[in-house]
Amino acid sequence: MMTGARAMVEGLLEQDVDTLFGYPGATICPFYDEVAIEEKKGTMKHILVRQEQNAGHMASGYARRTGRPGVCVVTSGPGATNLITGIATAYLDSIPLIAITGQVPTNQLGKDVFQEVDTTGMCAPFVKHSYLVKDAADIPRIMREAFHIASTGRPGPVLIDVPSDIQNQEFEYSDPGEVNIRGYKPNITGNDKQIKKIAREIATAKKPIIVAGGGVVLSEAEDLLVEFAKKNNIPVVTTMMGLGVLPTLDPLNLGMIGVFGNSPANYAVNHTDLLIIVGARVADRAVPAPENVLKHCRTIHIDIDSAEIGKNMEATIPIVGDVKLILKKLLREDIDIDVSEWTKEVQEKVKESRIRPMKRRAKGTVGPKKLMLGIGKQLDEDAYVVADVGQNQIWAAKYININKGKFVTSGGLGTMGYALPAGMGVKFADPDLQTIVVCGDGSFQMTMNELSTLVEHNLNLKIVLVNNRRLGMVNELQRKNFSQGPYAVFLPETPDFCKLADAYGIAHRLLSDEDQIDDAVKEMLTYDGPFLLECRVGADESTMIQ
């Protein structure tokens, strides 16, 4: 005989899960009791977060490093409601996640008892699938299905809500067999006739560009996309989620597109005659006026999710499938194309953008562009940059050079406070990987309680805190567009972030002199242990710096 809680743990072990991120409570205690047994054996480790939302973000960072579903566990009621933001963040960015929540006993469901909420109902709009377990005998099948759903097709979070009595229920275990879910058969191979159409369309283009999105990263198809671009000499632009698909300084890389994008990339979008969209949904931040772009170009849209094709921009040639498999097929096509003049034209735009002089900032502050460039030139070639949301995110995305590493951020939901716990998740997955967190003073204060977790596990994580004493992005928006100007965005000079770091025993430095950028970044990156670099920037700096 086996209990439901034991079956849950066995399901995780079957999927080679060795790290959980969570926060216990009464309704999930039977499961935690079984996890404790595994931790004593050395087969599983539980990371106690300081707030449930951060369990989701840490699991997200873990998944983005490993490529496997991250697992987060919380109790019912407020534990589950706090986790919702972490689940929704993963859903909007297509991150594979298994969220396990405790629930009140089945005989008390619907009675508004202590810490009862309708977890599956609340999460329905932003999970790939959810389970409310009513029989412990179903758990082996559910665990196997959940991992399959989370990691196949377009990845995403799956919720498993387990009442406490079901965790204690005993049953006779039987192997559920291979996963076979009626109605869930993701199309990943791509239609061969569409492949031929795409090849012919590219061959007729004079000014093509590739738009690489987060789907290329999720599919681990970066090398294939670079190979395809170089084989045909086609320039590449990226969405924010596609940053790192090819090195920043690669001659074919024109940079990030969109409202906050790089000017060469936006120039290319506005002058192309063929957009080849690969693993991107081209939402409003990437292409704010798709109707204007479509006046002068045709589009090819490659995505694993058919719902994304044509949703934001009409596709001349749509193709549904895994971008890795489709790129492999396209590489076998002999596309006769010469776009050397076009490539030269857009590369000149890149050169022009890089030689623009940077104004020196006022005494006591550093320029965000100079700061990010300074960070980028000292990073390891495979470093992960985990950016928060706001001006700090845009500056990091535009100016930190990514070589063979990754740029990790909350692109869809735009969740402030994401970077610190997500960066920790990356480090739990790969302790030796150089990882830096870039955040603003506003976003940092949303999750800075996780400094306690950071110190507890002595993670060698570097935190770049961009401090402008306000909510910078909203301040900029209000300053430019609203009659009353900035309002409700001002943050006081508290806390003293260096003293806060001291309180946690974290090494730190205050940077307020541009001449000290290189030295401060070197000190941060070479220090053995967690380090906080507080960088003072001007209160009215803009995201539109080029």
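User: Which elements do the buried residues of α8 pack against?

Analyst: They pack against α10 (222-232), β12 (274-278), β13 (298-303), β14 (317-320) and α13 (323-331). Here contact means heavy atoms within 4.5 Å, and buried means under 20% relative accessible area, with exposed over 50% and partly exposed in between (1.4 Å probe, protein chains only). Helices (H or I, at least four residues) and strands (E, at least two) are DSSP runs, numbered from the N terminus. Please keep in mind that this is a predicted model, where local features need pLDDT of at least 70, side-chain atom pairs count only at pLDDT 80 or more, and totals for chains, interfaces and linings use all residues. Residues are numbered from 1 along each chain as its sequence is written, and side-chain values use heavy atoms, leaving out hydrogens and water.

User: Which residues of α8 are buried?

Analyst: They are Gln 194, Ile 195, Ile 198, Ala 199, Glu 201 and Ile 202. Seen down the axis of α8, these fall within an arc of 165° (from the directions of the helix axis to the C-beta atoms), so they line one face of the helix. The face turned away from that buried side carries the exposed Asp 192, Lys 193, Arg 200 and Thr 204.

User: How should I read a salt bridge, and with which residue does Glu 493 form one?

Analyst: Side chains of opposite charge can pair when their charged atoms come close. The cut-off is a side-chain nitrogen of Lys or Arg within 4 Å of a carboxyl oxygen of Asp or Glu. Glu 493 pairs with Arg 536, their closest N and O atoms being 3.2 Å apart. Glu 493 lies in the loop between α20 and α21 and Arg 536 in strand β20 (residues 531-536), so the pair ties together parts that are 43 residues apart in sequence.
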